[in-house]
Structures are given as C-alpha cells and as structure tokens.
Amino acid sequence: MNKRTVILFLMIVSLMLTGCIKHEETEPLTTAQETAVSKDYSSAVISFLGPEGTYTQDACGVFFDKQGIYRPYTTVSEAVSALVNGESDYAVIPQENTIGGAVVDYVDTLIAEDKVSVVGEVILPINQNLLVLPGAKLEGIKTVYSHKQGITQGREWLKEKLPDAEVIEVSSTAEGAKMVSEGNDPSCAAIAAAACADVYGLEILAAGIQNNESNKTRFYVLSMEEPSVSGSDYMAFIASGPANGFPGLMADLERIGMELVTIHERPEKTELGNYHYLIECSGGSYKEYMELEQNSSFVFRYLGSFQSR
C-alpha cells in the first residue's frame with residue numbers, strides 16, 4: 001500500500017468515526033428514555049391537604065420520591081391557591097376514591113383554577129383505621145371524627161361496630177386524629193391513616209375498616225407549568241357544554257382510539273343541563289386530542305399528559 005493510499009484510508013476512517021460520534025451526540029431521546037431520567041425535586045415546595053399524616057402527604061412522598069419541602073394547608077383550595085400564588089411549586093390533590101367516588105369539592109377547585117396543569121398522578125391504596133388514645137376501649141367510643149371520604153369508606157364498619165356513635169366530619173382524616181390527640185378524651189376516635197398513630201401518639205384500635213379491600217384514591221399532581229403535550233401514558237382535559245352533546249363527544253373519543261379512564265361531571269352553574277366534564281384517557285396523542293377539540297362543539301381546556309405512579 002503506497003503513501004497516497006494510506007492517507008486516503010486514514011481520511012475515510014476519520015470521517016466515519018466523526019460521523020458516528022456526531023450521530024451519538026445528537027440522537028434525540030425517545031419518550032421512554034426521557035421519562036426514565038429522574039427529576040431532582042430536592043428544592044421543590046409541595047403544598048398539600050394537611051395537617052401532617054394525611055393520605056395526600058403519603059401521595060406526595062410516592063410521586064416526589066420523598067424529596068422536596070412539604071407544606072400542609074387546612075384545605076385543598078388553600079393548597080392550590082398556594083401554587084397559583086407562587087408559594088409552592090406543586091400541589092397534590094385527591095381526585096377520586098374507589099368507594100367514595102369523585103371528591104367533588106376538589107374537582108371543582110381544579111376546574112376553577114384555569115391556569116394550573118396536571119403533571120402527574122398517584123394511585124394510592126387506602127387502609128382506614130380507627131385511632132384512639134392509648135388504653136381506650138371500643139365499647140367506650142361515643143364520637144368519631146374523620147374526613148367525609150373516611151366516613152364513607154368506613155360506613156359499614158361503623159354501622160356494625162359503633163352504631164350509636166356520633167360521627168363528625170372534619171377537614172381531613174389527619175385533622176380528626178389531631179383532634180382526638182389534643183382533646184385527650186378516651187370516648188373519642190378518628191378514622192385515619194396508620195401513620196397518624198405515630199404522629200399524634202394514638203393507638204390503632206381497629207385496622208383496615210374500609211368497606212372493601214380494593215380501596216384506592218387517585219391523586220393529581222398540579223403545576224403552573226405549560227401542560228405537557230409529549231407522548232405519555234395518560235392525558236386529562238376538561239370539555240364544557242350541554243349534556244345532550246355528550247354522547248357524540250364519547251363517540252368521537254372512541255373513534256380516534258382514546259380509551260376513557262375516568263370522568264367526572266360538574267355543573268357549569270350557568271344553565272341547566274350544561275356541565276364541565278373532567279376527562280382522563282389513555283392511548284391518545286396530543287394530535288388526536290386536537291382533532292377531538294376541532295371537531296366538537298364543546299369548549300375544551302387541555303390539562304396535560306403525564307405518567308401514573
């Protein structure tokens with residue numbers, strides 16, 4: 001091999017290597033690769049329904065991998081307002097329960113805040129427990145505190161075991177546990193998470209009192225970021241319009257291959273028969289969502305594409 005041939009060979013090899021290296025550096029990540037990259041939430045501020053020990057706080061820990069700064073608020077509305085006002089980076093809200101159904105007050109809050117987006121979802125198994133002061137006995141319980149979802153989920157157990165007890169609704173399950181602890185009255189109990197027993201110095205008198213073993217709650221993670229349009233497992237949006245147009249909307253959803261995951265209807269509070277439909281679906285792209293929006297008489301608000309954990 002002469003000198004000229006050697007030089008030409010080396011130039012070709014160099015070009016090939018350069019091309020390969022350039023290709024590796026500029027190759028875009030696939031959606032799966034992008035979602036595999038874990039986000040750093042260590043400095044994120046997360047607002048949630050408090051006080052400490054609520055199931056919503058548990059959902060925060062699941063989604064944010066126990067990273068970030070958690071700030072409890074008295075109501076979900078206050079937690080979402082904190083997000084909108086810049087006091088927090090994310091807000092986590094309950095959306096739906098297996099037994100209690102839609103948590104309508106919280107769905108209304110999401111609908112009312114038109115600048116927030118949904119960036120994630122957590123589906124959390126819920127085990128309700130009857131918490132009491134140390135040494136308290138079941139036969140001595142006269143008052144039970146809990147959130148309305150906790151009351152609904154434990155209704156059958158209460159009917160059987162504590163038929164004469166007064167059941168009082170409070171702002172959260174953890175708030176009920178806190179009240180029992182601070183009240184120091186052995187005749188009072190709370191329906192709440194097992195974690196509240198440690199937080200508030202209580203005992204679990206009865207565990208797993210929910211009406212069935214499949215009890216789960218779906219939580220949304222909210223942000224002020226622009227809603228994601230990239231491919232993901234799930235998509236949420238709000239469609240507002242008359243009930244008589246709803247069958248057509250569902251037919252269009254099925255036609256373009258989007259599978260319904262959950263739906264909640266709330267009144268528009270303008271005219272009878274007009275509703276906001278909060279819809280979550282899977283199997284669709286943002287392009288297909290746009291097709292759905294363009295071919296419908298409903299008013300749409302896109303909430304985002306996201307993963308469920």
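In this predicted model, Y220 touches A91, V92, I93, Q95, L110, V118, G120, E121, A236, L278, E280 and F306, residues up to four places away in sequence being left out of the list; a contact here means heavy atoms within 4.5 Å. Residues are numbered from 1 along each chain as its sequence is written, and side-chain values use heavy atoms, with hydrogens and water left out. Because the model is predicted, local features need pLDDT of at least 70 and side-chain atom pairs count only at pLDDT 80 or more, while totals for chains, interfaces and linings use all residues.

Y220 also belongs to the largest nonpolar core, which has 20 residues and in which I93, L110, Y220, L222, L278 and L303 touch the most other members. Such a core is a set of buried Ala, Val, Leu, Ile, Met, Phe, Trp, Tyr and Cys residues joined through side-chain atoms within 4.5 Å, where buried means under 20% relative accessible area, exposed over 50% and partly exposed in between, with a 1.4 Å probe and protein chains only. Two or more residues of this core come from each of α4 (76–84), β3 (90–97), α5 (104–112), β11 (216–223), β12 (234–242) and β15 (299–306), and α5 gives the most, with four residues.

The side chains of Q95 and Y220 are joined by a polar contact of 3.0 Å, and the side chain of Q95 makes another with the side chain of H264, at 2.5 Å. A polar contact is a pair of N or O atoms within 3.5 Å; within protein, one atom must be able to donate a hydrogen and the other to accept it, and residues adjacent in sequence count only if both atoms are side-chain atoms. Beyond four places in sequence, the residues that Q95 touches include A102, V103, V107, R218, F219, T262, L278 and E280.

In α4, the buried residues are V76, A79, V80, A82 and L83. They lie on the same side of α4, because they cover an arc of only 150° around the axis, the arc being that of the directions from the helix axis to the C-beta atoms. The cover over these buried residues includes β1 (45–49), β2 (69–73), β3, α5 and β11. After α4 comes G86, whose phi is positive, near 85°.

Among the strands, β15 is mostly covered, with seven of its eight residues buried. Seven bridges join β15 to β12, and the two strands run antiparallel; within this pairing, R301 of β15 is the bridge partner of I238. Two strands are taken to pair if DSSP finds at least two bridges between them. Strand β7 (residues 143–146) is covered on both faces, with T143 and Y145 buried on one side and V144 and S146 buried on the other. β7 pairs in the parallel sense with β8 (residues 166–169) over four bridges, and likewise in the parallel sense with β9 (residues 188–192) over three bridges.

Several backbone features occur in loops. Most residues other than glycine have a negative phi, and most peptide bonds are trans. A cis peptide bond, with omega about 5°, joins G50 and P51, and P51 lies in the loop between β1 and α3 (55–63). K66, in the loop between α3 and β2, has a positive phi of about 60° although it is not a glycine, and K66 is exposed, with a relative accessible area of 71%. K269, in the loop between β13 (259–267) and β14 (274–282), has a positive phi near 65° and is exposed at 70% relative accessible area.

Over the whole protein, the secondary structure comes to 11 helices and 15 strands, and buried residues make up 44% of the 309 residues.
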